[in-house]
Amino acid sequence: MFVALEQARSLMLKAAIVDRDDAGFVRGVLGAKAYVADAAQRLAEEAVHLHGGMGVTDELPVGRGLRRVMLLARLFGSASEARVALAA
């Protein structure tokens, strides 16, 4: 889980420091979106599994975090849409 988090953080930082006028900006952002959306979903689901049944309740922040990640991962297009745009 830590490795996935660090890889997502690195991709986000790489996408953030590229100049918007650079030709690789869109590819960097789409690549980060594709990886980070999947990694965040996977990390949130693993966190719920680690906490067991309590992980899906509103009593722990883990359940609310999972719902938030599910929303944010699809807010500006899904990871699969970003991969399709990268392949085009």
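This is a predicted model: local features need pLDDT of at least 70, side-chain atom pairs count only at pLDDT 80 or more; totals for chains, interfaces and linings use all residues.
Residues are numbered from 1 along each chain as its sequence is written, and side-chain values use heavy atoms, with hydrogens and water left out.

User: What distance does α2 reach from its first C-alpha to its last?

Analyst: Helices here are DSSP runs of H or I with at least four residues, numbered from the N terminus, and α2 covers residues 25–51, which is 27 residues.

User: Which helices are included in what covers the buried residues of α2?

Analyst: Buried means under 20% relative accessible area with a 1.4 Å probe and protein chains only, and the buried residues of α2 include F25, A32, Q41 and V48. Their cover includes α1 (2–17), α3 (61–73) and α4 (79–87).

User: How are α2 and α3 oriented to each other, roughly parallel or roughly antiparallel?

Analyst: Axes are lines fitted to C-alpha atoms, for helices over the stretch in contact, and angles run from 0 to 180 degrees between N-to-C directions. On that basis the axes of α2 and α3 come within 9 Å and cross at roughly 160 degrees. Because angles over 145 degrees count as roughly antiparallel and those under 35 degrees as roughly parallel, α2 and α3 are roughly antiparallel.

User: How many nonpolar residues are in the contact of α1 with α2?

Analyst: The axes of α1 and α2 lie 9 Å apart at an angle of about 155 degrees. Their contact, meaning heavy atoms within 4.5 Å, includes L5, L11 and M12 of α1 and F25, Y35 and L43 of α2. With Ala, Val, Leu, Ile, Met, Phe, Trp, Tyr, Cys and Pro counted as nonpolar, Asp, Glu, Lys and Arg as charged, and the others, Gly among them, as polar, the contact has two polar residues, one charged, and a nonpolar count of 13.

User: How many charged residues are in the contact of α2 with α4?

Analyst: α2 and α4 pack at an angle of about 150 degrees with their axes 8 Å apart, and are therefore roughly antiparallel to each other. The contact includes R27, K33 and D38 of α2 together with R83 of α4. Alongside seven nonpolar residues and one polar, the charged count is four.

Key. Helices (H or I, at least four residues) and strands (E, at least two) are DSSP runs, numbered from the N terminus. The expected span of a helix is 1.5 Å times one less than its number of residues. Buried means under 20% relative accessible area, exposed over 50%, partly exposed in between (1.4 Å probe, protein chains only). Angles under 35 degrees count as roughly parallel, over 145 as roughly antiparallel, 65 to 115 as roughly perpendicular and the rest as oblique.
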